[in-house]
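Dear colleague,

Here is the structure I said I would pass on.

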Amino acid sequence: MNLRSLLVLFAAVLLFAAACGDAEPSPVLSCRQAPPSTQADASAFPVTVEDSTGDSVTLEAPPSAIASLSAGHTEILYALGAGGQVVAVDKTSDCPQAVSQLPQVDAFSPSAEAIAGLNADLVVLFFGPADLKQSLEQLGLKVLLLNSPESVQGVYEQVALLGRATGHATAAEDLVERMRDDIERLQDGLPDGEGPRVFHEIDSTYYTAGPGSFIGDLYSLLRARNIADATGQAYPQISAEAIIQADPEVILLADEDAGESPATVAARPGWGEISAVKNARVHVVDPDIVSRPGPRLVDALQTLARLLYPEQFE
Amino acid sequence: MNILRRAEPLELPAPSVDLPAADLLALVRRPLWPRLLLGVAVLLAVALVALAVGPAGIPLDATVRILLSRLPGVDLADGLPRSWDDIIWQVRLPRVLLAGLVGATLAMSGATYQGVFRNPLAEPYLIGVATGAALGATIVVVSEASVSWHGLSLLPLAAFAGALSAVVLVYSVARVGGTVPSTTLILAGVAVASLFTAITAFLMLRTTTHTLSVFSVVLGGFNTASWPRLAWTLPYVLPATVVIMAHGRILNVLNLDEHQARQVGVDVERTKLLLLGAASLAAAAAVSVSGTIGFVGLIVPHTVRLLWGPDNRRLLPMSLLLGGAFLILADLVARTVDQPSEVPVGIITAFCGVPFFLFLLRRAKGAVY
C-alpha cells in the first residue's frame, strides 16, 4: 500500500468518525463502557415506593446489593449510576458488558433458593411466576415487582421509581429529562403528517405488536401507521391476507433468529405485491433493542426512524 | 391424554356388538351413495363459502371474477388490484384446501385408531404423533438452524420426523414377540407423550425468544398455508387414504373380536400394523403443516357414528368428508371472528365442536350408542 492510498484511507476514517459524531448524540447508556457508579444519596431514606402489584415497599437505607432480574431494569440501574449496587442479574441482561462478571440467575424459571443465596437486599423482578415474590418476602428480602412497561411513559415512571428506591432520584430526573429531550428532537426532525404504513413481525407465523405494547408505542411516537392498530390488541397474530390487503410500506423483521430475512419475506406466497417488498423496504431489526424497555429505547427510536424515514437521514 | 389415563376400561366392546343382528343387517344394506353425495355437497359448499369470506373484505363478485379468470379464454379480472388475485390464489385457496385436507386426514385417522384399538377414546394423537411433531418443531426452532432445506421449510420436515420417531418408539416398546397388545401400545403412547411434552416444555423454557413459534405449533393454525405445503402432505395422505378406505370391511371384523377375525382368516397383527402405520403417517404429515389441532380426530368420527351408525365402510369415508368440512369451517371462524387477528384454530374446534357433540350425545342417549 503506497502513501497516497494510506492518506485517502486515513481521511475516510476521519470523515466517517466525524459523520458518526455529528449524527448521533452520545448515547444515554453505552454497553461497551459501563457508566461510572455514583454514591447513593442516603438523605431521603427511609423511602416508600409502590410496585406494580400495588404493594408499598419501604427501604430503610439505600440498597447496597441489588439483584436485577430483567435486562431493562439492569440497564436503567446502570444508567442511573447505581451499577455499583448491583450484585446479580438475570441471564438476559447483557448491557453494559460489565454485568457478565456478575452471578446470573434465570428470570423465567427462577428459584427462590438461588435468589436468596445471592445475599441481595433488594430484588427487582419483571414478572412473578408462582408466588415467587411472596416466597422471597418470607425469606426477609425486599422485592419490587415491576411489570414490563407497555409504553415509553411507563419506562419513565420505572426510571423515577428505581431512582428513588436506590438513592439516585436526581439522576433519575435527569435521565428522564434527557430521554424526553432526545425523543422530542427526533420527533421534530420527522416529516409532517402521517408516516408510512408499517408491519412489525415478531414471529414467522405473523405475530406482531399492536396498541398497548411497548413496541406499538414506539411506532406511534414515530407517527408510523402500524397495521396492527386495526386489531386493537397488544400482541395479535394477523391473517396473512389482512397483511397483504393492508399493504405495509415498511416491514420490520424482529425474527431474524427464526430464519426470516427480506428474501424469505419476498418468497412468501402472495407477498410479492406488497409495497414494502416491491420497494425493497423489508429490514431486519434487533429484537433485543426494539423491545427492551430501558434507557436505550432512544437508540431504538433512532434506529426505527432511520428505517421508516430514510430520506430524512441521508 | 389425562382422560385416557383415567378411563378404566381400555378395551370397550365396539358399539356394534350390542346391536341385534337384524338391525345390523339393515344398517349394512342401506346404500352408501346418497350419504356420500351429501358429504361431498357439504364439503364443497363449506369450501366455497370459506373461499369467498375473509378479513381482506374482497367483494363476492370480484372473488368470482378472479376465480373464473384462470379459466382459459376468460378474462374478467381487469381493473381489480393485483393483490386481490394474490390473496385468493396464493393465500386463501391453499389455506382452505390445506384445512380441508388436514381435517379429513385427522378424522379418518381418528376413525381408524378407534377401530383398531376398539377404544372410543382413541384419537390420532394417541401413540405420540402430536407430541413427537411438537418436539421435532421445537428442536428446530430452538436450535436456530437455517429454516429451509431444498426450498422446503425445515419446520414441517422436523415435525414430521418427530411424529414418526415417536410412533416408531412407542410401537417398538410395545411389541411383544410378533404381537402388539393394544393396552401396552396405548400405555407406551401415553408414557412417551409425557416424556416428549416434558422435553418440549424444558426447551421452551430455555429459550425465551421463540416461545411464540413453539406456541403456534402446539396450538395449530393455517396462517402460513401455501401450495408447497399442500403438495408436501399429499404423497403421504393419498396412499394412506387408499389403504384405509380399502380396509373398512376388515375393520368391521376386527371390531367384533380378534379371535373371530383370526378364524375367518384375517392376519390381525399385519392388518393392525398396516392400518396404524397408514393412519399415523397421514396424521404426521397433517400435523407437520398445521400444528397439533385437537378434537377433530376424536369428535368427527363419533359424530358420524351417532348420525349414521358404526359400520366402518360408511364411517371412514363420511369421517373423511365431514372432517374436511368441519376444519374448513373452524378455520373460517378462526380468521374472521376477530379479524384481522387470528384466533388459534384449535380453540375454535373445541369451542364449536364440543357443544355440538354433547348435543348429539344427549340426543342419542339410550339409542344406538
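In this predicted model, the largest nonpolar core has 119 residues. Those with the most contacts inside it come from both chain A and chain B: A:Ile251 and A:Trp271 on one side, and B:Tyr113, B:Phe117, B:Val129, B:Leu185 and B:Phe222 on the other. The element that gives the most to this core is helix α5 of chain B (residues 82–117), with 18 residues.

B:Tyr113 is worth a look on screen. Apart from its neighbours within four places in sequence, B:Tyr113 is in contact with B:Arg118, B:Ala122, B:Glu123, B:Pro124, B:Leu126, B:Ile127 and B:Val129, and also with B:Leu276, B:Ala279 and B:Ser280. B:Val129 is also among the core residues with the most contacts.

Now the cysteines. Over all chains the structure holds one disulfide. The partners are A:Cys31 and A:Cys95, with 1.9 Å between their sulfur atoms. The link is left-handed, at -95° about the S-S bond. It joins distant parts of the chain, 64 residues apart: A:Cys31 lies in the loop between α1 (3–23) and β1 (47–50) of chain A, and A:Cys95 in the loop between β4 (86–90) and β5 (104–105) of chain A.

Are these two cysteines buried or exposed? A:Cys31 has a relative accessible area of 19%, so it counts as buried, the cut-off being under 20%. A:Cys95 is buried too, with a relative accessible area of 1%.

Regards

Conventions
Residues are numbered from 1 along each chain as its sequence is written. Chains are lettered from A and ligands numbered from 1 in the order in which they are written. This is a predicted model: local features need pLDDT of at least 70, side-chain atom pairs count only at pLDDT 80 or more; totals for chains, interfaces and linings use all residues. Side-chain values use heavy atoms; hydrogens and water are left out. A nonpolar core is a set of buried Ala, Val, Leu, Ile, Met, Phe, Trp, Tyr and Cys residues joined through side-chain atoms within 4.5 Å. Buried means under 20% relative accessible area, exposed over 50%, partly exposed in between (1.4 Å probe, protein chains only). Helices (H or I, at least four residues) and strands (E, at least two) are DSSP runs, numbered from the N terminus. Contact means heavy atoms within 4.5 Å. A disulfide is a pair of cysteine sulfur atoms within 2.5 Å.
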